[in-house]
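The sequence and structure come next.

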Amino acid sequence: MIIRREIRELVQLPATARWLLQHWEGKVLAIEGSMGAGKTTFIQALCAEMGVRDKVSSPTFSLVNEYFSSKYGSVYHFDFYRLQRDEEALDMGLDDYLDSGNYCFMEWPEKISNILPRVYDRLSIHVKDGIRIFELNITER
């Protein structure tokens, strides 16, 4: 199932994060979009809506950041942009994170497409004519 939302201004990101949390029941979310589409910015808004009080930033060099929400528990934020091989993600313990039952938000999931879990959901962010288009693709369970 695919559901879609469009926004014209970044001030609409908190409402878009609430929209996602209302429509999404999964735990593993692959967030796709070109450079500058707003993946990290959206994850910041999403974590804020989840009650994360930690500073949310791109884990480009550390590969994963962990945040905590009193309502949702641990939240893992991955950035696979710099990876050259699937083994790099496996070496950092990706399977353990994905199997933890905690929320996992993955930027640049196409870099590890061969080792993504069998069941995960996808959020695509596209920008066209100044409009951000969010498409949530929910995998059948």
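Is Phe78 buried or exposed? Phe78 is buried, with a relative accessible area of 0%; buried means under 20% relative accessible area, exposed over 50%, and partly exposed in between (1.4 Å probe, protein chains only). The model is predicted, so local features need pLDDT of at least 70 and side-chain atom pairs count only at pLDDT 80 or more, while totals for chains, interfaces and linings use all residues. Residues are numbered from 1 along each chain as its sequence is written, and side-chain values use heavy atoms, with hydrogens and water left out.

**Aromatic pairs**

A search of the whole structure finds nine aromatic pairs. Rings of Phe, Tyr and Trp (its six-membered ring) pair if their centres lie within 6.5 Å; planes under 30 degrees apart count as stacked, over 60 as edge-to-face and the rest as tilted. Two of the pairs are tabulated here.

| Pair | Centre to centre | Angle between planes |
|---|---|---|
| Tyr76 and Tyr97 | 4.8 Å | 70 degrees |
| Phe78 and Tyr97 | 5.3 Å | 80 degrees |

Tyr76 lies in strand β4 and Tyr97 in helix α4 (residues 94-98), so their pair ties together parts that are 21 residues apart in sequence. Helices (H or I, at least four residues) and strands (E, at least two) are DSSP runs, numbered from the N terminus. Tyr76 is buried at 11% relative accessible area, and Tyr97 is partly exposed at 23%. Ring pairs also link Trp24, Tyr72, Tyr103 and Phe105 into a cluster.

**His77**

His77 lies in strand β4 (residues 73-79) and is buried, with a relative accessible area of 0%. Its side chain makes a polar contact with the side chain of Tyr67 at 2.9 Å; such a contact is a pair of N or O atoms within 3.5 Å, where within protein one must be able to donate a hydrogen and the other to accept it, and residues adjacent in sequence count only if both atoms are side-chain atoms.

**Positive phi angles**

Leu63 is not a glycine, yet has a positive phi of about 75 degrees. Leu63 sits in the loop between α2 (39-49) and β3 (64-69) and is buried, at 15% relative accessible area. Trp108, also not a glycine, has a positive phi of about 60 degrees. Trp108 is in the loop between β5 (103-107) and β6 (121-128) and counts as buried at 12% relative accessibility.
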